[in-house]
Every structure is written in structure tokens, then in C-alpha cells.
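Please keep the viewer open as you read.

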Amino acid sequence: MNILETVKEGVKNAIENLYSEKVDASSVILNPTRKEFEGDYTLVVFPYTKIGKKSPPQIADEIGNYLQANVSEISDFNVVKGFLNFSFNDEFWKGFLSQNVDNQLFGKGELTGKKVMVEFASPNTNKPLHLGHIRNILLGWSSSKILKAAGNEVVNVQIINDRGIAICKSMLAWEKFGEGGTPESTGKKGDHFVGKFYVEFESKFKAEYTAWQQSEEGIEHFLSHKKGEQTEDEYFKKYKQNYFNNQSQLGKAAKEMLLKWEAGDEETVALWKKMNGWVYDGFEVTYDSLGVDFDKLYYESNTYLLGKEMIEKGLNDKVFFKKEDGSVWIDLTDAKMDEKIVLRSDGTSVYITQDIGTANLRYQDFGVEKMVYVVADEQDYHFKVLFETLKRLGEPYATDLHHLSYGMVDLPTGKMKSREGTVVDADDLIAEVIDEVRKNSVERGEIEELSTEERNEIYRRIGLAALKFFIIKVGPKKRMIFDPKESVDLQGQTGPYVQNAYVRIQSILRKAATQEIDLSKGDNYVKIEAQEKELLGSLFTYPSLVQLAAKDLDPSSIANFCYNLAKDFHKFYHDHSILKAESEEAMAFRIQLSKMVATVLASGMDLLGIEMPERM
RNA sequence: GGCUUGGUAGCUCAACUGGAUAGAGUACCUGACUACGGAUCAGGAGGUUGCAGGUUCGAACCCUGCCCAGGUCACCA
């Protein structure tokens, strides 16, 4: 049994013995003692004042005495107001360390036998990945790692939006202005190459629209359609979509292309395949540099017709109802949502139809019992509706559906807008942060004797650590402001700071390996010091933190843990000598302690998708 | 307007899910190595946790009302 369980059981027994009242051991709450007080864990006794009918300090004292007498690991306690702080003895902590120091699986949960799917990334194929995708990908990837560490079997998937009007715009622009160029012939990365044509289409469309606005026809249109005091700018901004759909030559051409694609026109489909292929090649490079991969890709071109049969079945089961015009709806008003259409009056699918079908398909493919969708918070309502609908359809996985909703990424200058060219490109950003590390490292001159290849690998790891940590340390739900200048910071609360703690330890361990040191002497170390205890206490909480992070789908808690552990180590390292410790026992103990800190740091950072360098 | 998410030091973020004197980083001052790596450590200054009530031994956290910001309320995806 876990020591904390033992203590809780002890508290339960104490209350039974002292006050003849029954409490549930699982209801007992223990918190790590705050740094400014003496002790390892704290029991807040206020909840028991009613049961004990005595003052809080009296009760704390009585429970403390009982625990000290009956739980052998507890060596000491003190009472501050209603707070009972108790300490475990050194034997317990030394045992904890020696048992786990070489356990590479420390922190990993027992296998649950549960299969979980995580969907993330899910880009459109008309333009390259940007900063928003990076947040999505990092959240998805680390959630997946955390779920796996918590003992689940995990399947990573994404759904690629490879169809629709957007890609047709790129295709059309390439046909018109591409002059037969390819990524190879131009030396451009595939997704950027295709994205360029998307932008070109948009700018040509804008030119066409502006010209129309200034034409006699446009002016007349404005005068006869404007509402009230509406200015030209306001009116034409709103009318843009209408113009695209009904009047634009370019819009007409793009829509014709979409119709041809839907009809399966050979030439169109071939072009579509070719251009999407370029994009996928480009995406692959970006995923690779971020260090992520997927078990299966779903394509909307294959799934967009799914779900209709389930609507039929749901109609029979009265989950859905049909309106007079033939459209099919679900009524969620009793769940405080609205009615929602699931099938158009002409019998075709809408967005949610496809998602219903895809969820079912994934269940058939993998038998997953739990699904996590990593999607921006603008789709919160959509997923509420989707999950409720799947529940009512009686889908077997419907009780364990989660939307990992995250806030948008803003720049210090405001929102990212592709139209205004303020989007931060993923590939550029990665290259930039690595380059910054390179410059910094050259100045430092610490690793110049290594080969170019080795150095580049180190730069890559540090740069990505800086970028990833910077993004992951913020709680997912929070809308975050991304300052490119701060993202390349290598000091303070950063990925490289954590890496540096690890590197320092590796350096010590390398040096220690050249000496003959009897590590077993650490067991005879006499008095564990406060800072050592703090490190042990943090290490001790790691496994439960992994479980909590998995339950809450919150990688930021792991990032903050890693930072705090690294911080405690840096301080310990500064204040205590390890290889020149005052005794052989102290040296052996501290080497073991440092080693375990390094292992846990590497493990925690791995859950964030961050690799550790051995030197830096 | 309904629903929803957020509002904490100048700035970027924490706070173990209701616990002790609300913590870090950054920016600004000041200090610390003839080394187990200074990508480090220590100190100073910086707060009415958006506002007002309430609940209780105790509230940044729960309840009510209001203010500010984002999102969403399509037979778009």
C-alpha cells in the first residue's frame, strides 16, 4: 500500500479510536506541507472539529500523537493552528530513493487495458501550418504521451480537411498562374508552394471585388442595397461572401471546380491528388521536425458522406425527428442546448453528420473506449452537441468523450490574421528558434569541440525545448499571448533551464563514473537535509501527478512540475557539494538523488515531447 | 441578447482543485565562482486576485448581481 494510503487509514483509525466516529479513509485529504513549515505532509483538521468537539490544535495534537504511535514511518509532527504537519523518517525516504533510482518506469501507471484515441493537428490542405497548429499539435502529442504513461493504450489520429472550396482555390490559381511549376522545380516546400497559390487566388479575388465596387454596377448596387447609415466599407465587407457566391468570375470558376471534383471528373481529381500530395510532403517535414507522428490519418474526402445510416437508425429510435421540409433534427432543449440539424432537407450531410459517422468508424477501426479531440475553443458548442448526440444514439464509447479545448494564440500586436499576413509560420518559427540557440551557443563556446553533427543535434533539442516549453507551460484553456522575442529566451522559466539541470547532473555522473564510488553507502547517510527532502518530496509526487495530468488532460501541470524540480535542483546544486561532499555517505546519497532527479526530469520532459541533450 | 471561457505584480504565467503570510519568470536595481558547467544562485522593489455582496473556522477558487475581453448561437467546415 502507498504510504499516503497508510496515513489516511491511520487518520481514520485515530478518529474512530479517539472520538468514536466513522470517517471514510478516502475522504481524508493530505497536502504536501508548504515550504515555510516543518514537515512532509499536512492534514487539515478543521473538518474534524465538529466530530471531536475540541479546539483545532487539540484535535491536531491528539491525531498527531496517534499517528506517531501507530504509523511506523512517521517520526515527528508539529501543530500550527488547525494544521497537523508530520514528517516521515529518514529510513522511509532513503528506502524510497534506493528502490526507485534505477527504475526507468518510475511515474508510469499500471496498465489500464483501456484504449484511447487522441485526435489532433487536423489541418486544411490549402496552406502551411502556423503557430495555432503548433499549440494544437503540442497539446495533442503530449496528452497522448501522458495518457500512455498513465497506463492506457493510445492511438493518435488526425482528420485532414482535404476537400472543399479552399483547396479548389489553390488548384484554380495554380492552373491559371502556376505555369506548370512544382515544388521540385521551384525548390519550395510543398505546403508553402500550394499555400502561395491560395494567397494568390485571394489577392486576385480581392482585386476583382474592389474593381467591381468602383464600377457603375457596384456603386449602384451599394446605393440600392445599403441599410440605413451603412458606409461603403461596412456594406462591402458583409457582402463579400455573397459576391463570391453569386457574381465573381473567380468564385464561379472555383465553384465549378468543386462541382467537377464532386462529380469525380478525372482531370480535376488528378490535379487535386497531385496538389494535396505536395502539401502532405510538406506537412510530413513539419511533423518530423516537431517530433510527432500518427497511427492513422482520416481524410474528409473519404468520411464526408459517413453518418447518414446512423441518422436513419436514430430516426427509427426517435433520437431524431423530421421536419416538414424533410430535414432531420435533434432536440437538445432538455439538455439546455438548441435544436440542431443533422441532415439537410435535400438529404445531404452537414458537418456534424460527418463527425457522428467518423466517431463510429473509429470505434470500428480500433475499438477505442475513450476519445479525445484536440480542437480550438471556438468549437466548444459543436462538441457539446456532438457528444450529447452520440450519447443519445447509445454509442458504446459515448460516456468517455472529451474535447481538449484550447484558447487561440495571439501575438503582442493582436490576433493572427492570414489575410493581413500576420500569421506566424510553423517552419519559420522552428528554424528561427534553433538559429537563436546556435548563435547563443557559439558565443558561449561550451561545446565547440564536438562535431558539427553533434552540435546541430544539440541546437535542435534546445531550440525545440524552448519553443515547446514556452507554449505548453500555459494551461490549455487560457488564451495565450505569444511573444516571439520571449519564445527564444533561454533563461528563467524555460525549457533550456530544465535541460540545464539535467545536463549538470549528467556531467556529475560522468565524472563520478571515473571514480570508484560505493553507492550503497548512501543507505547509511545520517541526516537528510531540508533541500534534499524537498527534492525527494517532489520526486515522490511525480507518479500521482502523471495520473492527474491524464485525468485532467493538462500537460501544463507536467511542465510546471519539471520547472520546479529543476529549480530546486539548481538551488541544491549551488548550496551543496556533491562530489566533494562532507562524507562518503553524503556523496553516495547525493549522487543517487541527483541521478533520480535527472531520470524524472527526462521522463517529465519526454511527456511534453521534449528531448534532453547530454551536453549543452 | 442567450449560452460559454477567461480577468491574479508593468509584462508572461502559477497557485496541489476550499487551506497557512497569493508564488515564479521577465523587465528594473544589488550582490555571488582561481568551477561537481554562470543557460546558475541570492537579495531588493513590485498585489484591494475586475467590482459589490453572500456562504464558513477559512475564498483567487463556491453562490448572486454587475463591469471588461474572447468564443459561439448557419441546411459553412
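Two strands pair if DSSP finds at least two bridges between them. Helices (H or I, at least four residues) and strands (E, at least two) are DSSP runs, numbered from the N terminus. This is a predicted model, in which local features need pLDDT of at least 70 and side-chain atom pairs pLDDT 80 or more, while totals for chains, interfaces and linings use all residues. Side-chain values use heavy atoms, without hydrogens and water; residues are numbered from 1 along each chain as its sequence is written, and chains are lettered from A and ligands numbered from 1 in the order written.

Three strands make an open antiparallel sheet in the order 8-9-10. Strand 8 (321-322) and strand 10 (339-343) are at the edges with a single partner strand each, so one side of each has no neighbour in the sheet. Strand 9 (residues 328-331) is joined to strand 10 by four bridges, and Trp-329 has Ile-341 of strand 10 as its bridge partner.

A residue is near the strand if one of its heavy atoms lies within 4 Å of it. RNA strand B has 62 residues around it, with Arg-34, Asp-325, Arg-344, Arg-444 and Glu-446 coming nearest. Of the RNA strand B atoms within 4 Å of the protein, 58% belong to sugar and phosphate. Helix 20 (495-513) gives the most to this surface, eight residues.

The table lists polar contacts (pairs of N or O atoms within 3.5 Å).

| Side chain | Atom of RNA strand B | Distance |
|---|---|---|
| Asn-500 | sugar or linking oxygen | 3.0 Å |
| Lys-567 | phosphate oxygen | 3.3 Å |
| His-574 | sugar or linking oxygen | 3.0 Å |

Note on methods
Polar contact = N/O pair within 3.5 Å; in protein donor to acceptor, adjacent residues only side chain to side chain.
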